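This report describes how the parts of a multi-chain model meet. Please look at the sequence and the structure before reading on.

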Amino acid sequence: ACGAKNDNNNNTNQGASPSEAASPASTAGVGKKFAMVTDVGGVNDKSFNQSAWEGLQKLSKDTGADVKYLESKEATNYLTNINQFVHDKYDLTWGIGFLMGDAVKEAATNNPDAKLAIIDNVVEAPNVESVTFAENEGSFLVGVVAGLMTKTNKIGFVGGIDIPVIKRFDLGFEAGVKAVNPQAVVTKNYTGAFDKPDLGKAAAATLYNNGADIIFHASGGTGNGVFNEAKERKAAGKQVWVIGVDKDQSIEFGDDVTLTSMLKRVDEAVYRVTNDMINGKFEGGKVTVLGLKENAVGLPDTSTKNVPADVLAKVEEYKAKIISGEITVPTAQ
Amino acid sequence: MNMARTVVEMRNITKRFPGIVANDRVNFELKQGEIHALLGENGAGKSTLMNILFGLYQPEEGEIFVNGQEVAIDGPNKAIKLGIGMVHQHFKLVHPFTVTENIILGSEPKHGLAVNYKQANENVEKLSKQYGLNVDPLATIDEISVGMQQRVEILKTLYRGADILIFDEPTAVLTPQEIEELLVIMRKLVEQGKSIILITHKLKEIMAIADRVTIVRRGKVIDSLPVAGTNPNQLAEKMVGREVSLKLDKKNAVLGEPVLEVDKLVVKGRQGLRALNETSFVLKRGEILGLAGVEGNGQSELIEALTGLRPIDSGTVKIAGVDLTGSKTRVISEAGVSLIPEDRHKHGLVLDFPMRENMVLETYYQPPFNKGGFLDYAAIDEHAKRLIAEFDVRTPSIHTQARALSGGNQQKAIIAREVDKNPEVLIAAQPTRGLDVGAIEFIHKRLVEQRNMGKAVLLISYELDEIMQLSDRIAVIYEGRIVGEVDPSQTNDEQLGLMMTDYKAPQGGEQRE
Amino acid sequence: MDLVTLGNMLNTALVFSTALILAALGGILSERSGVVNIGLEGLMTAGAFASAVSAYHAQEAGFGGATPWIGLLAGGLFGVLYALIHAVATITFRADQVVSGIVINFIAAGSTLYLVKLMFEGAGETSLVNETFHKVAIPLLSDIPVIGEGLFHAYPTTYLAFILVAVIYYTLFKTPFGLRLRAVGEHPSAADTVGIKVLRMRYIAVLLSGVLAGLGGATIAMTTTGSFSHNTISGQGFIALAAVIFGKWNPLGAMGAAIFFGFAQSINNILQLFDWSSNIPPEFIYMLPYVLTIVVLVGAVGRSKAPGALGEPYFAGKR
Amino acid sequence: MNKLIKVVTKDSAVVPFVAILLGLIVGAIIMLFGGYDPILAYRSLLDKIFGSRYEFGETLTAITPLVFTGLSVAFAFRTGLFNIGAEGQYIMGMTGATIIGVQVHAPWFIHAPLAIIVGALFGGFWGMIAGYLKAARGVNEVITTIMLNWIALYLGNYLVNRFLLEPGKGRSYFVDDSANVTIGWLSRALDDARMHWGMFFALLAVVFFYVYLWRTKQGYELRVVGFNPDAAKYAGINVNNGVVKAMFISGALAGLAGVFQVLGVFLNQAISASHTGHGFDGIAVALLGGNTPVGVLFGAILFGSLSYGAAGMSFGADVPPEIIRIVIGSVIFFVATPGIIRWVLKQLRIRKSKGEVA
Ligand SMILES: Nc1ncnc2c1ncn2[C@@H]1O[C@H](COP(=O)(O)OP(=O)(O)OP(=O)(O)O)[C@@H](O)[C@H]1O
Ligand SMILES: Nc1ncnc2c1ncn2[C@@H]1O[C@H](COP(=O)(O)OP(=O)(O)OP(=O)(O)O)[C@@H](O)[C@H]1O
Ligand SMILES: [Mg+2]
Ligand SMILES: [Mg+2]
């Protein structure tokens, strides 16, 4: 959802192709083809799919590689979309998202020569590289922010569906809050959807009405509604905050309501693994867990706008403790 | 009469429908202040001609003159402007609306933005009084009788200032009383300067009220003559194209044992009131029992109760000696009761089914049509073909949808089906409503034939003529009770009419067999 | 549950209900004229799309506070375009009304997203509009305890919806236009024979349903999402259709049904505030609104009676 | 033979083809308007559908559930009911099959049939609820089926979550091999496309639909109930039973769509945030096919191929796949308005005859 001024609409799903992009930084990737398949969330999900695509686009800009995506309209398409690229001899095909696990596995088994990678799930196959994130660690840190900054000692959490990935956000966040503010209560609301802003709005309204002044959401597009409700209240003169997820959401929703965000650098991960591939370093069978140590989760730099320095110092303190292993952040089953 | 000026003249009207010429160079003339009857078999093209005059259809050829001016009637709006009003064969009333709403629809008195209901009601009231129509402006159409509905239709035309009124089969759905009243109303209208076109199948009415009659057959005008110089037999012959016997020859009844015994039947009607109030009667083999009565005195409920369609509160129904009170429709049907329902479209046929499937509506599950859960279409086809031949049902094929048949042929098909079940008891409700004399003759013969074969026939009709002609015995129903029984040869219309409305027995007290 | 919570619930419910009320009003007009409209979903989609796009441009052009109003207007107008397809198909060409409704849903879903991708460089979502509607408190009334917070502290669109309920109720049941419209839906040939232009009435009704459902869709974009994407409208049109039937084709009834849905939705949020609710599987909480609807329907007395000629194409002289 | 010639030359046989053509033309115009190359797009579409053995096999797999849901909706229509609930019945069918597939262990000749039957029963039961509420309480089935779609979504998720979940996977365990109805040799022959027996069951369902409705006593009863419930009562047919039975069968058909997705395609059931759309698409398929069994089959083939091929347009011509919804919508529109097509045909004929004169 970038600016709409550009009338160049001839590229629905092709990243800046070499001819149009400002001349690429290098040409290492020219002639290489990389692709990703989204889950049903689609490439504009304001979450990992979008982030992954941004990673590939950046790669294309930097190296001149060809990149492409296919959106899955329903679960049966996961496999057929992956196979579209695999059969077309793409150098690397990404399955984006937890839900793609089985499809990536099957494509990898049926096509041992193909190279695949997956985000948010672990696929045990010699030709698949898996990347997962320690969302609980990053969530712990935004929990610290929330715990220290709440004035009402009531904090909200809006989740999409109650599945392990989201549970990691939930539990990490709560642990972070409790670590710095045992009195604070985290009230949780799972909306049952990643694509229903109206449910997100209603959930947020209920939580704010109940006294919460900060809400952390891990609910994809549903979170739009959370931001909207916050802006609504802000306009009416009440200071409430949202903590964004996956990307730096203050960019899209403005920093008057976005306290900070729990970054999950899917773009970085996709970029790095794919770039390694260009450099001949594909590690099939490897599982990479990216956490605080790898700087793959955490707070964006823009946080300084709304989060006071002393709080950020606290965050750094906890970050060090987690990296050193002094604190173990709870995680989902 | 000859001096009166011509208000409507239709010249050389031709109207074609796919596969048929409904009106074939028809000429028709209506004079100021006359009642002009239009007579013809079902499907002869009467309604089509009138629909053209009212602007619902456009003719392919021909001209129309109203009050001497040639006009193009491109829609009902134009017709209304020309002072033409039409009471349709099938009423055009909006059922959930009130009488007033129906009447003012399309030319509503206003009060600011809103409909001025107060004034509207007053207008309707006034108009209703002026012509002696006595309708309740505030009642909804659902709540009023068919006769009242017709008055609403008449009021609709008067409200729009019609001088030329078309009545398309207005009496087919009326009770004898209502017919009488309608005739009075029509006379009153003529007195007030209106001119009337009357479509009817009832020769008696033509003789009673019309000044002229025009006869159409297969889209062509056969003749147009003053009523004064003609008689019913002549009219029937002109219309059908052959001699029609308007009198049935009927041998004396040979009575057998009772097959339908109804004892103190109590049944609730729609509003939860008692529709049948200890109704009792007995029907014997070999007789036609006519049930006379004004519509709405429990006839429909009786039919439903006898066929298992309506719960029975108390009393018993025995068929061939077996107590079948409260049994299911199918059990009763299998015990030998056949029903020719009142409403052939709603209850008698599945209009979207081909004829062959309609002919097994109650027997599809029995052999030879049903073989182990599967339908045997060879047997069904054979059955349908046989019935259609035997009962002279005019249909292009057994695969034709019932919808495409004329009313008369639809009715014949139903009668064929019901009679062929070889029932003990045949209940015939309004078996000839809306049919032409040819079809009526045919159906009457079949009913008498059944009785001669030793079947019992229960005839329910609002038409006294039919009852008088066919019945061996007449029972009169009033407010859910059988209030008397008479021998048709010993009674007359007046006496029956009296019994049907509010029975004060000459002997005093209730009279039952 | 205390009264304050109840007021808040009502307030939340109204946000959800507003779009449903508007779309249901559209459904009522169309169906009262005898044209089935299961294309409400598509019409709402069209409205949401148009509002998001035009509000985005209005915002860029510096319309400020007028932005959401421009969006709303555009939503209503764009809805008409799709309703026109429905009208032409069902009224002029006498297509099956259900089929045509499905067509609207398909074409609206496909074309809006296609257009979004054309206009926003391949993105599946319009850029976010920041100038959306804000809740407005009605002076004095909003100070009433519970009800004030519940009813009189709402979006302008909510008030608009209520006003339209009143207007349409009045139009349908008090004015000549309404009488004629209902006559056309109950018994078109009766209307025809008194000189009412049946087809024209139906066109008007169906096009108005496009306006109203379009407004409904626009409401969602202009209050809840601030943007349009493939799931901005996901099922609300069908719920609105249910509200039409539930409300017995009466604007007041449909409004009641829509508020009921909204309320049932907000119950599941309230439930999650309580600790004990963690013992209830969340799936059961999500189903609650739908289960409640069925329960209420089963308990509700009287079958709803559809307009007499609903679903039947009309042509003059039809027998 | 004469009859055959008549059928082929009748308008009704020409209309669908012209409708498809017009639909594609509308799509092409819209693509041109957007600056895309429609020829390339349609070539990519065909390539995706027929381009390789794999794609062809997967196209068949994409068509299969639509045959079932299309038949489901059409069956209800035939009996006078509007089933918007195929979506929910589909989910219940999935759930029933998954429960048996995961929880029961038995030899294949018991396990697979049992899973199929239980899935169908689940779907049928879900349809029956709406039928029962209509028959017993007069509740409009349009509302109940809409509501039941959502309830099914969450109930299915609950059952998977609570009883069938493979920890950490967000989906159920895989069904036992004995419940699996994939066709290994066919998949291998088609480059690992996911082939399963559901395809053949779908054809059987088409036959069943025809035979049951038009050749059996019960089918006759249901049709009477559908066309004229009043006449049904007079004929001694139990209308309420008919409504419940019809919704059961309709639901079971939709349920089978879900059954074969589980037993033949996914081999598990995932927790799902939203509906798949197969049920709603079933409405379109039924309408495309004029609610006749063979029509539904062709409708599903058209609909399924186009939808599946849409990804190819996106891949090969960078056209947003949404365009295909417009194409499908237009095709249905033209099928539903034969008046427009007759007009078009007439214009063509006139022009042709003019051309001949000139
Ligand atoms: N709308 C129509 N479409 C097709 N054919 C029609 C239509 N209306 C009338 N017809 C044809 O025109 C012929 C005349 O019909 P019409 O209704 O005028 O007969 P009628 O004389 O009024 O018969 P009845 O006494 O039964 O009322 C019919 O046989 C019928 O085939
Ligand atoms: N939908 C239709 N399609 C084709 N022809 C029709 C249709 N409806 C009626 N007809 C034709 O119109 C003629 C007259 O129909 P109409 O309904 O007026 O019959 P009818 O004998 O007057 O019966 P009734 O007065 O009891 O309805 C019939 O002969 C029939 O062939
Ligand atoms: Mg007639
Ligand atoms: Mg007639």
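## A salt bridge between chains A and C

E71(A) and K117(C) form a salt bridge, with their closest N and O atoms 3.4 Å apart. A salt bridge here is a side-chain nitrogen of Lys or Arg within 4 Å of a carboxyl oxygen of Asp or Glu. The count between chain C and chain A is one such bridge. K117(C) also meets the side chain of E322(D) in a salt bridge (3.1 Å, N to O).

## Basis of the model

The model is predicted: local features need pLDDT of at least 70, side-chain atom pairs count only at pLDDT 80 or more, and totals for chains, interfaces and linings use all residues. Residues are numbered from 1 along each chain as its sequence is written, chains are lettered from A and ligands numbered from 1 in the order in which they are written, and side-chain values use heavy atoms, with hydrogens and water left out.

## Chain C against chain A

Contact (heavy atoms within 4.5 Å) joins 39 residues of chain C to 45 residues of chain A. The buried area, which is the accessible area (1.4 Å probe) that two parts lose on being put together, summed over both, is about 3,400 Å² for this pair, and carbon and sulfur atoms give 46% of it. On the chain C side, E121(C), T224(C) and L273(C) lose the most area, together 18% of what that side buries.

There are 13 residue pairs in polar contact between chain C and chain A (both at pLDDT 80 or more). A polar contact is a pair of N or O atoms within 3.5 Å; within protein, one must be able to donate a hydrogen and the other to accept it, and residues adjacent in sequence count only if both atoms are side-chain atoms. Helix 1 of chain C gives the most to the side that touches chain A, with four residues. Helices (H or I, at least four residues) and strands (E, at least two) are DSSP runs, numbered from the N terminus. By class, this side of chain C has 14 nonpolar, 20 polar and five charged residues. Ala, Val, Leu, Ile, Met, Phe, Trp, Tyr, Cys and Pro count as nonpolar, Asp, Glu, Lys and Arg as charged, and the others, Gly among them, as polar.

## Chain C against chain D

Among the five pairs of chains that touch, chains C and D have the most contacts. Here 40 residues of chain C are in contact with 49 residues of chain D. The two chains bury about 3,800 Å² between them, 84% of it on carbon and sulfur atoms. F106(C), Y114(C) and Y290(C) supply 19% of the area that chain C buries against chain D, more than any other three residues.

Between chain C and chain D the counts are one salt bridge and four residue pairs in polar contact (both at pLDDT 80 or more). Helix 4 of chain C gives the most to the side that touches chain D, with 13 residues. That side has 31 nonpolar, five polar and four charged residues.

## Chain A and chain B

Chain A has ten helices and twelve strands. Along its principal axes, the C-alpha trace of chain A spans about 55 × 45 × 40 Å. No contact joins chain A and chain B, and their closest C-alpha atoms lie 39 Å apart.
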